2 protein chains.
Amino acid sequence: MRTRDKIIQASIELFNLHGERQVTTNHIAAHLGISPGNLYYHFRNKNDIIRNIFNEYAKLLDKSFAPIDADNDVIVSLSHYFDTIFELMWKFSFLYANLPDILSRDAALQQRYMQVHATLIEKVRLLIQSLKEAHVIDIDEQDVPMFADSLKLQVMFWISYLRVQKASISIKKAEAYRGVVMVLLQFKPYVCEPAMQAILDLQVHYQKQADENLDDD
Amino acid sequence: MRTRDKIIQASIELFNLHGERQVTTNHIAAHLGISPGNLYYHFRNKNDIIRNIFNEYAKLLDKSFAPIDADNDVIVSLSHYFDTIFELMWKFSFLYANLPDILSRDAALQQRYMQVHATLIEKVRLLIQSLKEAHVIDIDEQDVPMFADSLKLQVMFWISYLRVQKASISIKKAEAYRGVVMVLLQFKPYVCEPAMQAILDLQVHYQKQADENLDDD
C-alpha cells in the first residue's frame, strides 16, 4: 500500500476507535511509525485527510442505491442496499458519530456534503418510487419525499443516537446491524402482502446479525 | 423575573440563535447588561447553565407523552403530543442541534441524559402499546421497542439533519414543524382504517403550520 493510502486507512481506524476530535495528525503518524513531516508531505492537515476520507465515502455512495430493476429479484437488491448501509455505518462510523461538528469546522467540506446529500436524497426518492411501481411497497405519492428524508435521517444519525446513550466511543458490529434492523422496520408497514414474507425473512436475517455480533468490534 | 431565570432564558435564546459552542458566559452577561461576576454568583460556569436548562427540558418531558386514555379523544391526545414535540424542538433547538458534542464535554450531564432517555423511551413504548390497544395503530408486538427508538431518534436528530444541509445555525418555525410532519408520517402506515381520516387531517394541519411559518423565526 502507498503511504498516502496507509495514512487514510490508519486515520479511519483511529477516528472510529477514539473519536475524530481526540485524534491528531501526530497520533496518526506515530501509529504508522512515520514522521509528522512525512504525513504533511501527503496531507496539509487533518481537515485535508477528512476531506479525502469523505471522497472515498462519497464514491461508495455513488455506486449504491440505484432504483430497483424489475428484471432482478427485488428482495436480493433490497438486501444489497441494507448490506451497504451496514458497511457504510461500520466503516465510517466516526463520520456518522460527529457529522454536524465535523462540517461546522470546514466550510469546503460542508459545501461538498450538501452536494452529496442532494444527489443521494434524489436517488433514495427514485428508489422508493421504483419499489412502489414494483408493488413491493404502497405509499402515498405525496409522502415519498418525506419518507426519503426520514430514511436518510435514520441512517445518518443512528450512530449518534447510540453514542448519546453510552459513555464509550467505539461502536460494535451488533450496534451497526441494529441500525439496519431499524431502517428495515421503516419499510415494513408499507410492504404489500406478496412481498411481506421476504421482508420478514430479511428482518430475521439482520436481527440475527445483530444478535451474533454482540461481542465483536 | 429573577436574575437567575433571566440568565437561563437569555442563554437559551443566544444558544439557539448562534449555536451553543459560539456563546460564552461573557456574551450572556453582556446581553443582559450584568457583570460577569453577577452571572458567576448564580452559575459556576457555562456547563452549570446548560445543566439547569437540561433540567427544565427534562421537567417538560416528565409531564408529557403519557399513555393515551381510552376515555378521551385519542386524536386530540395525539395532537397534544405532536404540539409538545414542536415546542421542545423549537424551544431547545440548540440541545437537539449539538447533543453528542454537549454531552461529550460534561460527564455528569451525560449520566443525567442517560437516565432521562431511559425513562422517556419506556414512556414512548407504553404510549405505542396504548395506541395499539385502542386500535389506532396495528404493529407487531416485537417491533414496538424498535419503533419507539425510531421515533425518538427522529425527534432528537431532526434539527441536526437540517443543520448539516445548510450553512446557517438558527432554525425557523417552519423547519421544526416539518420535523413534526416527519414524525407523524412514521405513524401513518401503521394507522388502522377507522382512525385514518383523523391522522390525514393532522398531517394536513401540521403541513399547513410548516407552510405558513416559512418566513418566521
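1. Among the buried ones are Phe94(A), Tyr96(A), Asp101(A) and Leu103(A). Helices here are DSSP runs (H or I, at least four residues), numbered from the N terminus.

2. This is a predicted model; local features need pLDDT of at least 70, side-chain atom pairs count only at pLDDT 80 or more, and totals for chains, interfaces and linings use all residues. Residues are numbered from 1 along each chain, chains are lettered from A, and side-chain values use heavy atoms, leaving out hydrogens and water.

3. On chain A, 37 residues are in contact (heavy atoms within 4.5 Å) with 37 residues of chain B. Met146(A), Tyr161(A) and Val164(A) supply 21% of the area that chain A buries against chain B (accessible area lost on being put together, 1.4 Å probe), more than any other three residues.

4. The rule finds 4 salt bridges across this interface (side-chain nitrogen of Lys or Arg within 4 Å of a carboxyl oxygen of Asp or Glu). Asp140(A) forms a salt bridge with Lys188(B), with the closest N and O atoms 2.8 Å apart. Helices α6, α7, α8 and α9 of chain A each supply at least two residues of the side that touches chain B. The largest share, 12 residues, comes from α8(A).

5. Gln186(A) lies in helix α9 (residues 173-187). Is Gln186(A) buried or exposed? It counts as buried, because its relative accessibility is 6%.

Methods
Buried < 20%, exposed > 50% of the residue type's maximum accessible area, 1.4 Å probe, protein only. Buried area = accessible area lost by both parts, 1.4 Å probe.
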